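Hi,

Here is the structure I promised to pass on. Have a look at it first, and my notes follow below.

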Amino acid sequence: MLHGLVERPLVFTMDDLRRFPSESRIHFLECSGNPGYTKPYGKTASDLVGLVSCAEWTGVSLKRVLQEAGLKAEAKWVVAEGADAAALTRSIPIEKCLEDAMLVYSQNGERLRPQQGYPLRLLLPGFEGNMSVKWLRRLHVTTEPVYSREETSKYTDLLPDGTAREFSFYMEAKSIITRPSGGQRLSAPGFHEITGIAWSGHGKIARVQVSVDDGKSWQEARLQEPVLTRALTRFRLPWRWDGKPAVIQSRAIDETGYVQPTLAELLAVRGENYFYHNNAIWPWRIAADGEVTNALA
Ligand SMILES: Nc1nc2c(c(=O)[nH]1)N[C@H]1C(S)=C(S)[C@@H](COP(=O)(O)O)O[C@H]1N2
Ligand SMILES: [Mo]
């Protein structure tokens, strides 16, 4: 149901919702603890940043449903509540609800699976995954956020001055080389393609740069088309490995001009107590025998 600061509260069934015009869009969904800042860091790309996916989502624009209900002028937040035992509850700023938020019932052309929130979930492209509430049962339009467990005790970050950063919604630009990456082994010196994925909660990936000399110099990788907003983007760079130990890494630049930072840069600003929203560059070390390991672990 949809109630609170609206002209016409709505109680709708899935059948009612499916009579609204549908939309399909491709977006990533990422946990904001992907990865955390604490050691031990993952050995492989999926240990490290595996809590991300990208799918084609089908559903209804939340804006349309809010328009149907008629927002009152004081409406500033929408509180979304799940029907799981935790009744996961998150406050969403109205701007996001009117931008690109969706009520989705299908993923990759099939109805949502039980684990993904059947029959209905919220999808907030580019925001931390926790806010894309699964098994959605209630939308409450309010003037203020509710300060639920998931936006106070969890999903906030303690800063060095003792205050906490809260309502840190956006997943900032990130990239990872998936090949060659930790746990793999280069069979022989010579040609190898470096490839990986990049994404940004703020929009499209503009460029990805790759360094094969421990960050001393950077080259432009080629982006796989289509480059979609708030979606995983593949990059590739041809590389000739000379058989000597090397450190390779990628950095993403999104359409706002934001450049993915190093872990040292993030820690210098955020301190050791920070947990979520680690979008650091992640280097891989290649040994003379071709073995690939996490260079920061
Ligand atoms: N109702 C509800 N929604 C939820 C959760 C939950 O526990 N309950 N987990 C959240 C978290 S932390 C993430 S990262 C995403 C994961 O979505 P996925 O399972 O489709 O990958 O769902 C979010 N939505
Ligand atoms: Mo998560």
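Let me start with Thr 233, which is found in strand β17 (residues 233-241); strands are DSSP E runs of at least two residues and helices are H or I runs of at least four, numbered from the N terminus. This is a predicted model, in which local features need pLDDT of at least 70 and side-chain atom pairs pLDDT 80 or more, while totals for chains, interfaces and linings use all residues. Residues are numbered from 1 along each chain as its sequence is written, and side-chain values use heavy atoms, without hydrogens and water.

Thr 233 counts as buried because its relative accessibility is 1%, the cut-off being under 20% with a 1.4 Å probe on protein chains only. Leaving aside residues up to four places away in sequence, Thr 233 touches Gly 196, Ile 197, Ala 198, Ile 205, Leu 223, Gln 224, Val 227 and Leu 228 (heavy atoms within 4.5 Å). Ile 205 is 28 residues away in sequence, yet the C-alpha atoms of Ile 205 and Thr 233 are 7.0 Å apart.

Best wishes

Note on methods. Chains lettered and ligands numbered in written order. Buried < 20%, exposed > 50% of the residue type's maximum accessible area, 1.4 Å probe, protein only.
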